[in-house]
Amino acid sequence: MSEQTVTPEATGTPAMPEAPPPVNVFAPPVLPPGAPEAPEAPGASPKPPRRVLRAVARWTAAALAFGVLGTGTAFGIASLERTDVPGLATEGDGRWDYPELSLPALPAGSPRPSGSGNPAEIHHADLRDLLLPAPAGAVPDKKLPGGWISTETFLDAYRQQDRQSVSQLIEDAAPRHIAARGWTMPDGTTSRIYLVRFNSTAFASGMIDDLNVGSSAGTPLDRTDTTEIDGSWSSQNDFENTSSFVFAEQAPFGAEHVRQAYTLAGDTIALVVHERSGKRETERVPFQQTLILQNQLLA
């Protein structure tokens, strides 16, 4: 497949953007027992989904593994004092210092994906504005700068032997946009976030289905070995209208340790990956923090 950047279709200039809602606080990750106390480019016409039985099986397994519980949609954990956040009151819990977040403006008259006037859960904001910004101290990934990326760049997230099959899934589902941001932290942790927007919620759900994500991590990512459900993730960390599937490599792992998660949010799926070379596990707290904040932007 030739390299072709996925770009959005042309749209009119909005008369007046909707002002972002005020930001405040939101619930932190729920740490597991035993943890320290506080520590578009338009594609071909899409084909209708053809996956009912597999969808039922996947969602049943996912519900048993995670459950779905909506929390709030307010913002502000990145800017709060540590002692202001229940469950994260001890210094040195490992959280990253993210900038204060706010929702992007919308075209005039367009609802939020969780709004009452948007039963299809469509994201009208620019997908690039929904990418989580990098935290303080991060070195940006020049290949994933926070803009549109090509299908081939997205496929690099998967093992070489699986890229052709994933490429066919992408071609069948015909996503409207793909955007991504990556960075590396001082401890060597590499973070990558991919957002893929489809023409409908059915196609986004179908992509999760076809990747076999649910009770298992599905199609393996590059440089992963044995990946299983991350039991430290709590359903309380899911927001309304989002469902997350969270996994971590189990020992013995190879040259890198990988944590990964897919989130289904209306017409968009997010893939969040944290990876660190060597025999040290990728830290759990900043991974879950990253996932929660990215999900909050999508919700």
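**Entry 1: the nonpolar cores**

I began with the largest nonpolar core of this predicted model. I find 31 residues in that core, and F154, Y158, Y262 and L271 have the most contacts inside it. Next I looked up where its members come from: α2 (151–155), α3, β2, β3, α4, β5, β6 and β7 (268–277) each supply at least two residues. I also noted a second, separate core of 30 residues, with L101, L103, L130 and A261 among them. As a reminder to myself, nonpolar side chains tend to be buried together in soluble globular proteins.

Which residues does Y262 touch? Leaving out residues up to four places away in sequence, I listed Y158, I208, L211, V213, A217, T219, L221, S243, S244, F245, A270 and L271. Two names on that list, Y158 and L271, I had already met among the core residues with the most contacts.

**Entry 2: the overall build**

I then stepped back to the whole chain. The protein has five helices and seven strands. Reading from the N terminus, I wrote the order down as α-β-α-α-β-β-α-β-β-β-β-α. Of its 299 residues, 51% count as buried.

**Entry 3: β2 and its partners**

How do β1 and β3 run relative to β2, parallel or antiparallel? I found strand β1 (residues 139–148) antiparallel to β2, with four bridges joining them. Strand β3 (residues 190–197) also pairs with β2 in the antiparallel sense, here over eight bridges.

For handy landmarks, I picked one bridge from each pairing. P145 has R181 in β2 as its bridge partner, and A180 has Y194 in β3. In the hairpin of β2 and β3, five residues lie between the strands, and G188 takes a positive phi near 95° there. I also checked the cover on β2: seven of its eight residues are buried, so I call this strand mostly covered.

**Entry 4: helix α5**

Is α5 enclosed or open? I counted 15 of the 15 residues of α5 as buried, so this helix is largely enclosed by the rest of the structure. Helix α5 covers residues 284–298. From its first C-alpha to its last I get 21 Å, close to the 21 Å expected at 1.5 Å a residue.

Last, I went through the backbone with one rule in mind: most residues other than glycine have a negative phi, and most peptide bonds are trans.

Where is the cis peptide bond that I noted? This bond joins A251 and P252, with omega about -5°. P252 sits in the loop between β5 (243–249) and β6 (256–265).

Next came two positive phi values in residues other than glycine. A174 has phi near 50° and lies in the loop between α3 (163–173) and β2 (177–184). R223 has phi near 65° and lies in the loop between α4 (201–210) and β4 (227–229).

Are these two residues buried or exposed? A174 counts as buried because its relative accessibility is 6%, under the 20% cut-off.

Definitions and conventions. Residues are numbered from 1 along each chain as its sequence is written. This is a predicted model: local features need pLDDT of at least 70, side-chain atom pairs count only at pLDDT 80 or more; totals for chains, interfaces and linings use all residues. Side-chain values use heavy atoms; hydrogens and water are left out. Buried means under 20% relative accessible area, exposed over 50%, partly exposed in between (1.4 Å probe, protein chains only). The expected span of a helix is 1.5 Å times one less than its number of residues. Two strands pair if DSSP finds at least two bridges between them. A nonpolar core is a set of buried Ala, Val, Leu, Ile, Met, Phe, Trp, Tyr and Cys residues joined through side-chain atoms within 4.5 Å. Contact means heavy atoms within 4.5 Å.
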